[in-house]
Amino acid sequence: MRRRAAAWALAWALGGAAAVAAAQDALPVLPQARPAPGGVALIDLGPGADRPQARLGDVPLLVLGSPGGWTALVGIALDRAPGPVQLSVQRGAAPAAMLGFEIQPWRYGEQRLKVAPKHVDLSPDDLARHQRERAHQAEVIAGFSDPPRAGLRMQPPVPGVRSGSFGLRRVFNGQPRSPHSGMDIAAAAGTPVVAPLAGRVADTGDYFFNGQTVWIDHGGGLLSMLCHLSRVDVRPGDWLAAGEAVGAVGATGRVTGPHLHWSVSLNRVMVDPALFLAPE
Ligand code: ZN
């Protein structure tokens with residue numbers, strides 16, 4: 001597995017230029033657009049010889065396309081208010097220009113869950129641990145490596161029924177908490193979990209809420225997080241092809257039973273993974 005991953009990384013490095021040339025002839029497969037909280041806005045930047053640089057505030061955005069036409073992908077935070085927003089777009093040496101779009105309203109439902117009390121009323125030690133882990137996660141999702149070279153169509157990391165619970169306001173044991181920022185997929189403990197898209201393992205760990213977790217950096221500020229695993233079979237730095245195993249479904253962390261939690265982060269905010277799957 002490790003040797004296979006290394007060979008793939010070498011092919012990536014050697015084949016890079018040819019792959020980029022081929023990719024520039026084809027339109028990239030983009031996620032479905034949903035310019036709303038928890039969604040992704042696709043902003044047309046027009047043609048240009050070089051890839052423009054786009055930012056939302058200080059945060060760099062993923063820009064895909066070719067000299068015939070570039071698109072900025074903007075992940076919109078679940079807690080962002082609807083209304084107008086401005087990107088800055090820089091082309092070559094020209095001064096940055098502002099480009100506006102409108103975040104649309106979107107309604108999410110509510111989910112009531114019962115979990116072990118220690119996972120809702122945190123002890124001082126657990127709270128300190130969670131705060132450390134949250135700071136670490138903020139570093140992981142701030143990664144901005146080279147943009148993906150292929151399209152962004154992802155495969156589900158496990159087969160199974162998808163909950164469609166992204167964005168639900170959650171009430172644990174009667175207490176409101178942050179909304180659900182990923183997709184839950186029902187699967188038996190031990191079911192292999194695979195990379196939804198090619199990338200490099202950015203982080204692995206065993207976290208208070210998320211349990212055993214693998215982060216995959218797909219490039220350009222797009223990452224996947226796979227949680228509650230019973231087993232992790234990869235290490236930070238490993239290169240993964242789409243569909244390559246990273247571990248197995250489990251019930252570690254704050255869970256009501258074995259399942260896979262899959263989050264997708266784009267420009268440092270969690271967006272709905274369903275937007276990256278083939279439309280149903
Ligand atoms: Zn979940």
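Start with the elements around the largest pocket. β8 (110-113), α2 (124-141), β9 (169-172), β13 (199-207), β14 (211-219), β15 (222-232), β18 (260-266) and β19 (269-271) each give at least two residues to its lining. Helices (H or I, at least four residues) and strands (E, at least two) are DSSP runs, numbered from the N terminus. The top contributor is α2, with 8 residues.

Ground rules. This is a predicted model, where local features need pLDDT of at least 70, side-chain atom pairs need 80 or more, and totals for chains, interfaces and linings use all residues. Numbering runs from 1 along each chain as its sequence is written, and side-chain values use heavy atoms, without hydrogens or water.

What counts as a pocket? On a 1 Å grid over the protein atoms alone, it is an open set of points with protein on both sides within 12 Å along at least five of seven lines; lining residues have an atom within 4 Å of a point.

The volume here is about 1,200 Å³, meaning the space filled by probe spheres set on the points. The lining has 44 residues, and Arg170, Ser178, Pro179, Ser181 and Asn210 lie nearest the centre. By class, 19 are nonpolar, 16 polar and 9 charged. Gly counts as polar there. Domain 1 (2-103) and domain 2 (110-276) each supply at least three lining residues; the bounds come from an automatic or database assignment.

Now the sheet. Three strands form an open, mixed sheet, ordered β8-β9-β10. β8 and β10 (175-177) are the edges, each pairing on one side only. Pairing takes at least two DSSP bridges. β8 and β9 run parallel, joined by 4 bridges.

Definitions and conventions
1 Å grid on protein atoms, 1.4 Å probe; cavity = no way out; pocket = protein on both sides within 12 Å on 5 of 7 lines; lining within 4 Å.
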